[in-house]
Every structure is written in C-alpha cells, then in structure tokens.
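Subject: Structure handover

Dear colleague,

I am passing on the structure below, together with a short account of what was found in it. Please have it open while you read.

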Amino acid sequence: MENDLISKQQLELLTREAKRLGASASAIISSKEILVKDDLAALCNGEYPCPNYGLAASCPPNVEGPVEFRKWQAQSNYSITVKIELPASVMFSDERKGVMQLLHQIVAAIEHKAIEIGFEKSKAFAGGSCKELFCDDQEKCCVVAENKSCRHIESARPSMSGFGIDVTQLMMSSGWAAQKAKDASLSNKDAISWVAGLIMLA
Ligand code: SF4
C-alpha cells in the first residue's frame with residue numbers, strides 16, 4: 001500500500017482490534033525501528049539448541065530467517081506491536097500455554113484484518129513454538145513431514161526468534177518497559193511479565 005494512502009485511523013483501528021481481542025497494549029511503530037540480528041536467530045540451534053528446533057514449519061531451519069525478513073522490512077513502513085502483560089507466576093504455570101496461544105491468535109487476527117483493509121503482504125510473528133502450542137498431540141508437523149497445509153493456519157504464526165528479531169528493542173520502540181521477571185520465586189511472585197508479537201504491514 002502506498003505510504004500516502006495509509007491513514008492514522010487505519011493503524012489505530014488495528015491497535016484497537018488487538019486490545020479488543022485481549023492484548024494489554026498495542027502500538028504503532030516505524031518498521032525501520034525493528035532490529036534484526038543474525039546472532040539472535042542463530043541461538044535457536046546454538047550451543048544450547050531450542051528443543052523445538054526443526055519441529056515445525058514456523059521455526060528454523062524451516063523459516064526464511066533474518067535475510068528474508070530484512071527484505072520484507074524494506075517494503076514496510078509501519079508495524080503493529082502487541083503485548084500481553086501477566087503476573088510472572090502465570091508464565092511459570094500451566095496457564096502459560098493458553099496465554100501463548102492467545103498471543104498467536106491475536107497477531108494472526110490482526111494480520112488478517114490488515115490484509116482485509118489493504119495491507120495485502122502483511123506478516124504476523126509471535127513467540128514460542130506452534131508445535132508445542134497447537135500440535136502437541138500430533139507426532140509431527142504435517143507441513144514439514146507431509147507438505148500439507150498447517151492444521152492451525154488461522155492461529156499459528158512463526159516465532160520472532162527464528163528471524164532474529166530483537167524483542168527488547170521492539171518493546172522500547174513501542175514505548176514499553178522491556179524488563180521481565182526471570183523466575184517466579186516467592187520474592188518475585190507479584191512481578192509482571194509479558195509476551196509480545198508483531199504484525200509488519202505491507
Ligand atoms: S501444523 Fe502444527 S506444528 Fe505445523 S506449522 Fe501448523 S501449527 Fe505449527
């Protein structure tokens with residue numbers, strides 16, 4: 001979409017929708033502010049590999065990674081960020097899965113809405129592995145194993161990690177504090193944690 005056709009109202013419509021769907025906050029940022037680092041993407045299969053590495057179509061090595069992301073970024077002027085704030089104790093409980101699923105559902109819905117209003121090449125990114133979140137009961141990701149369509153195409157989106165997106169920078173660009181609780185120890189039980197997602201508009 002041409003830059004001069006993008007109205008503030010359209011962008012605000014997307015942030016309002018994200019909040020209506022359950023985000024604690026949603027912001028409009030310049031896509032140029034998204035920082036992508038090759039070394040962050042490399043962590044997925046680094047010295048301490050992610051247990052979900054290679055299990056789903058939306059995680060490395062099955063995603064396009066930082067090189068392609070930068071090409072998409074060059075075609076995008078604005079992005080929408082979303083965060084869900086929650087007590088740290090929830091992130092370290094059985095409720096975590098539901099929160100992460102909600103994050104995927106929100107960014108996927110905003111991507112859908114963005115496409116509907118004319119940002120036809122928009123792309124959404126969340127956090128966590130969709131294999132763990134949506135297909136835990138399946139032996140394999142059917143996209144990777146059988147080249148079939150994703151079972152949860154309406155909700156599951158790639159993790160920002162596999163593209164090397166610097167989430168701390170994303171939070172700061174959104175005007176949000178980037179610190180989060182690292183554990184749910186007793187002294188820390190009231191600490192606030194968060195999860196975040198991104199919809200790059202194009
Ligand atoms: S089929 Fe399941 S594991 Fe594979 S991409 Fe879709 S949600 Fe993820």
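In this model, which is predicted, 4 strands form an open sheet in the order β1-β2-β4-β3, with antiparallel pairing. Because β1 (25–30) and β3 stand at the edges and each has a single partner strand, one side of each is left without a neighbour in the sheet. Neighbouring strands are turned against each other by 20 degrees on average, if direction is ignored. The antiparallel strands β2 and β4 are joined by 9 bridges, and in one of the pairs Val82 has Gly197 in β4 as its bridge partner.

The helix α5 lies across β2, β3 and β4, and runs at about 25 degrees to β4. The largest nonpolar core, which has 45 residues, includes Ile106, Val107, Ile110, Phe125, Ile165, Leu198 and Ile199 as those with the most contacts inside it. Several elements each supply at least two residues of this core, among them α1 (8–20), β2 (78–87), α5 (96–116) and β4 (192–200), while the largest share, 8 residues, comes from α5. If residues up to four places away in sequence are not counted, Leu198 touches Ser79, Thr81, Val107, Phe125, Met160, Ile165 and Leu170.

Turning to the ligand, there are 14 residues around it, of which Cys130, Cys135, Cys141, Cys150 and Ala156 come nearest. By class, this shell has 10 nonpolar, 2 polar and 2 charged residues. Both α6 (130–134) and α7 (142–146) supply at least two residues of the shell, and the largest share, 3 residues, comes from α6.

With kind regards

Methods
Residues are numbered from 1 along each chain as its sequence is written. This is a predicted model: local features need pLDDT of at least 70, side-chain atom pairs count only at pLDDT 80 or more; totals for chains, interfaces and linings use all residues. A residue is near a molecule or strand if its C-beta atom, placed from the backbone, lies within 6 Å of it. Ala, Val, Leu, Ile, Met, Phe, Trp, Tyr, Cys and Pro count as nonpolar, Asp, Glu, Lys and Arg as charged, and the others, Gly among them, as polar. A nonpolar core is a set of buried Ala, Val, Leu, Ile, Met, Phe, Trp, Tyr and Cys residues joined through C-beta atoms within 7 Å. A residue is buried if 20 or more other C-beta atoms lie within 10 Å of its own, exposed if 12 or fewer, and partly exposed in between; C-beta atoms are placed from the backbone. Two residues are in contact if their C-beta atoms, placed from the backbone, lie within 7 Å. Two strands pair if DSSP finds at least two bridges between them. Axes are lines fitted to C-alpha atoms, for helices over the stretch in contact, and angles run from 0 to 180 degrees between N-to-C directions.
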